[in-house]
Structure formats: structure tokens, C-alpha cells
Amino acid sequence: MITSQRPSTGSGRSPAEAAALIRGVSPVLEVPFTDDGEIAVEDFRRVVRYVVGTGVTSVMFPGFAGEFYKLSEEERRLLTEILITEVRELTVDTGTEVAVIAAVQDHATRLAVQRARWSVEAGADAINLLPPHLLAPSASAIEAHLRTVLAAVPDTAVVLQYAPAETGTSLDPQGLAGLVRDHPNLVLVKVESSPPGPYIAELGRLDPPIPAVEGYAGVQLPDAFRRGCVGTQPGCSLTEVYCEIWRRFSDGDLAGGDRLHARLLPYISYWMLDTERIIATEKMISYRRGLIQSPHCRPPRHDLDAEELAMIDRFLAEFGDLLPSLR
């Protein structure tokens with residue numbers, strides 16, 4: 001039986017303090033299941049500890065990579081509370097600062113407000129807000145939704161997720177500038193357009209400028225970095241590879257970052273052909289590394305074929321220096 005933990009009373013971080021931590025690699029956590037499809041709570045705790053242990057300063061949950069659309073409300077709340085508790089304990093033990101970004105994807109404005117407020121009360125440092133997209137709401141309806149959620153958590157950092165491939169939603173950068181002027185807790189935009197670079201650069205030219213993190217598995221990370229993105233939000237099974245790419249870029253070794261990314265690109269460009277494929281792939285990578293006990297994805301799902309499994313084996317062999325076994 002799933003039991004919810006008692007929520008806390010918020011993280012206490014201001015929007016600026018939280019935004020300062022959402023930099024570099026900000027992994028989106030996966031949800032481990034047992035072979036029969038139940039959530040694997042202890043495996044989830046291990047995922048949290050592993051990701052925080054790589055040195056990142058923020059994590060996001062639950063995103064598309066966390067199969068949020070396949071979780072019950074009870075499961076989602078439990079895992080969010082576990083995440084917040086684990087991160088707090090780890091940061092106390094290590095002295096590091098890590099921000100928890102709680103996702104809000106509800107289509108109904110009323111429910112999105114309720115989830116955002118609950119997440120803040122539970123201790124989340126920031127909200128990741130996905131605009132409503134089902135049945136093609138109008139631009140004015142989307143803007144009203146965003147404004148209402150932003151106003152509901154005025155003292156909490158909000159990251160707006162722009163994922164046109166997954167949602168079909170279009171967001172005008174000039175309109176976002178107006179949102180930031182009225183709601184300064186909108187501190188970042190997660191850009192998952194293809195390519196993301198021009199949109200990121202346009203956000204940086206606005207008044208006020210809006211910082212951006214890049215998503216979409218980092219397929220266009222080198223261009224996004226050169227155009228001013230402040231971070232990347234990939235899945236979590238190969239966090240160390242993304243951290244090394246970002247380290248090289250941040251240290252001014254653009255050529256070195258490009259070389260490592262070029263080695264990664266043939267894999268992630270194929271895996272990102274559809275969302276369910278990369279979810280299944282990252283689960284299998286975590287399973288092969290010993291991070292989780294089952295690569296199960298709740299159906300409907302993408303079932304990896306023999307060639308895709310062989311590709312994962314080649315990937316783990318090629319990047320074994322950065323992705324050691326966790327068994």
C-alpha cells in the first residue's frame with residue numbers, strides 16, 4: 001500500500017536563489033518500476049542519491065522522462081515527497097546545495113494551481129510549468145493559465161517548459177517578456193524546440209532577458225551553449241557524460257566538449273526519435289549499470305528490439321570510462 005509522507009512547509013529559497021542553482025546539468029529523474037509495474041520506492045531513492053552524487057545542483061521530477069502521465073496521483077505525491085526528503089538529507093550530509101524542481105503539467109488551471117501550491121508546501125524549490133496543450137487551447141487561454149499559476153506561487157521560482165514537438169504549443173518570446181515583467185518569479189525557460197539555439201538567443205535579447213536551459217536530450221547542446229543557455233535538462237541514466245560535456249564547455253574547452261558530444265550524438269539522435277524510445281533506453285541503461293532492478297516501463301511503451309539493445313551495449317562499452325557499473 002502506498003502511504004504519503006507529511007508535507008513540509010516550503011524550502012525557503014527565493015526565486016533568485018533557486019534560479020542560481022538551476023545551472024549546468026539538471027537531470028530529469030526516471031521512475032523505476034518492478035517487473036509487474038509497481039513503483040520501486042527503494043530504487044527511486046537510489047536514483048536520487050546517484051544523481052545528486054554526480055555533483056549536479058538541481059533535479060527535476062516528474063517530466064516526460066519520468067513517465068508522469070503513467071503515475072497515479074498517490075504515486076506522484078509519494079515520490080515527490082521522497083525526493084524532497086532525500087535531497088534535504090543528502091545536502092545536510094554533504095554540505096552541497098541542490099534545488100528540487102517539481103513539475104506541473106495539469107491541463108486545468110485550477111488543478112495546476114493546486115499542484116503548484118502543494119509542491120511548494122511540500123518543499124520544492126522551483127516549479128516546472130508545462131503549458132496546457134490538449135485540444136489546442138487558444139494563445140490567450142494559455143497565457144491566462146500561465147499567469148494564474150505564476151501568481152499562485154509568487155515567491156517560488158518557475159521554469160516554463162517549451163516543448164513544441166511533444167505538445168504542439170507555440171510560445172512567442174515577446175509575450176514571455178511581458179510575463180516576466182509582471183511575474184518576476186518566472187526565472188527560466190526550458191527550450192525543447194528543434195533547433196533550440198535561435199529561440200534561446202532571442203530570449204537572451206529580450207527586455208528583460210530570460211535565461212534558458214536546453215532539453216531534448218542535449219541533441220543540440222553545443223549550439224545552445226554558444227547561444228547562451230545556462231544549463232541542460234537531459235534524462236538521468238548517463239548524467240556523468242552530460243556533466244563532462246558541460247564541464248569542458250564551461251572551462252572554455254569548446255573543442256573538447258564538441259568532440260565528446262559528437263561521440264554521444266549518434267546515440268541520442270536515434271533515441272530521441274520518439275519519447276517512449278528514449279524512456280525505454282534510459283531505463284535499460286540504468287538497469288545495465290545496476291542503478292535499478294528492472295527496466296520495466298508501463299504500457300503502452302516502446303519495446304526495445306535486439307538491434308536497439310545491442311546499441312545500448314555498444315554505448316556502455318564506448319562510455320565505460322564515464323559510466324562505471326553501480327552494482
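**Exercise 1.** In which sense do strand β7 and strand β8 pair, and over how many bridges?

*Solution.* The model is predicted: local features need pLDDT of at least 70, side-chain atom pairs count only at pLDDT 80 or more, and totals for chains, interfaces and linings use all residues. Residues are numbered from 1 along each chain as its sequence is written, and side-chain values use heavy atoms, without hydrogens and water.

Step 1. Strands are DSSP runs of E with at least two residues, and helices are runs of H or I with at least four, numbered from the N terminus. Strand β7 covers residues 212–214 and strand β8 residues 231–232.

Step 2. Two strands pair if DSSP finds at least two bridges between them. Here there are two bridges, in the parallel sense. Glu214 has Thr232 in β8 as its bridge partner.

**Exercise 2.** Find the residues through which α3 meets α4.

*Solution.* Step 1. Helix α3 spans residues 73–94 and helix α4 residues 109–122.

Step 1. Contact means heavy atoms within 4.5 Å. From α3, Glu73, Arg76, Arg77, Thr80, Glu81 and Ile84 meet Arg115, Trp118 and Ala122 of α4.

**Exercise 3.** State what share of the protein chain is buried.

*Solution.* Buried means under 20% relative accessible area (1.4 Å probe, protein chains only). Of the 327 residues, 57% count as buried.

Methods:
Axes are lines fitted to C-alpha atoms, for helices over the stretch in contact, and angles run from 0 to 180 degrees between N-to-C directions. Buried means under 20% relative accessible area, exposed over 50%, partly exposed in between (1.4 Å probe, protein chains only).
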